[in-house]
Amino acid sequence: MATKPKIALKPAGAVPNHHTAKEDNIMTERQIENRVSKLNALEEQITLLQEQADSIKSELKNDLERKGLDEVRTKNFIVRWKEVISNRLDSKALKAALPDVYSQYCRKQKEHEKRQQWYSYEVRRGSAEKRHLLL
């Protein structure tokens, strides 16, 4: 059931505001629906393209491994697949072993929630289910 928007009362003699929703970058519900639908379609395309790219990378890696090479040079490209060893800090172990040192060097950072990838479940028209879009 749709609710009517509240009407803001202005004092007598107030200058009317002639801004439109587009001028203020305020989207209508239909525009939001369209943008989210387009976003979902693009994300599906991205997923498919990423799968194709991963498949090609896997083919290249397997070829290098079969040849026993770390690198192959062609006319236009250099393809490398090398083992890289890096040192990473185990923050959980540091926090457990030396909590004072951990808190001394720990930086707090404000972020928007990104735990879920865009939505939690599908929208079904006419049902209570809604897609949760996390930006």
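A salt bridge is taken here as a side-chain nitrogen of Lys or Arg within 4 Å of a carboxyl oxygen of Asp or Glu. By this criterion, Asp63, Arg66 and Lys67 are linked in a network of salt bridges. The structure is a predicted model, in which local features need pLDDT of at least 70 and side-chain atom pairs count only at pLDDT 80 or more, whereas totals for chains, interfaces and linings use all residues. Residues are numbered from 1 along each chain as its sequence is written, and side-chain values use heavy atoms, with hydrogens and water left out.

The confidence of the prediction is expressed by pLDDT, the predictor's confidence in each residue on a scale from 0 to 100. The protein chain averages a pLDDT of 75, and 64% of the residues score at least 70. Over residues 114-135 the pLDDT is below 50, and this stretch has 30 contacts in the model beyond near neighbours in sequence; a contact denotes heavy atoms within 4.5 Å.

The protein chain contains three helices and two strands, arranged along the sequence in the pattern α-β-β-α-α. Helices (H or I, at least four residues) and strands (E, at least two) are DSSP runs, numbered from the N terminus. Among contacts between residues at least 6 apart in sequence, 16% join residues at least 24 apart. The chain exposes about 13900 Å², of which carbon and sulfur atoms supply 53%; accessible areas come from the Shrake-Rupley method with a 1.4 Å probe, and for residues only the protein chains shown count as cover.

Helix H1 comprises residues 29-67. The expected span of a helix is 1.5 Å times one less than its number of residues. For the 39 residues of H1 this gives 57 Å, in agreement with the 57 Å between its end C-alpha atoms. Within H1, Val36, Asn40, Glu43 and Leu64 are buried, and the buried residues of this helix pack against strand E1 (71-73) and strand E2 (78-80). Just after H1, Gly68 takes a positive phi of about 70°.

Four salt bridges are present in the structure. In the one between Asp63 and Lys67, the closest N and O atoms are 2.9 Å apart. Because Asp63 and Lys67 are four residues apart in H1, about one helical turn separates them. Asp63 is partly exposed, at 25% relative accessibility, and Lys67 is likewise partly exposed, at 48%. Glu71 takes part in a salt bridge with Arg73 at an N to O distance of 3.0 Å and in another with Arg80 at 2.6 Å. Glu71 is partly exposed, with a relative accessibility of 25%. Arg73 counts as exposed at 57%, whereas Arg80, at 49%, counts as partly exposed.

Trp81 is located in the loop between E2 and helix H2 (91-97) and is partly exposed, with 38% relative accessibility. Trp81 and Leu64 are 17 residues apart in sequence, and their C-alpha atoms are 7.3 Å apart in space. With neighbours within four places in sequence left aside, Trp81 is in contact with Lys61, Leu64, Glu65 and Asp70.

On the surface, Leu98, Val101 and Tyr105 form a nonpolar patch with about 320 Å² of accessible area together. Patches are made of residues with over 30% relative accessible area and no salt bridge, like charges being joined within 9 Å and nonpolar side chains (Val, Leu, Ile, Met, Phe, Trp, Tyr) within 5 Å. Val101 lies in helix H3 (residues 99-105) and is partly exposed, with a relative accessible area of 32%.

Notes: Buried < 20%, exposed > 50% of the residue type's maximum accessible area, 1.4 Å probe, protein only.
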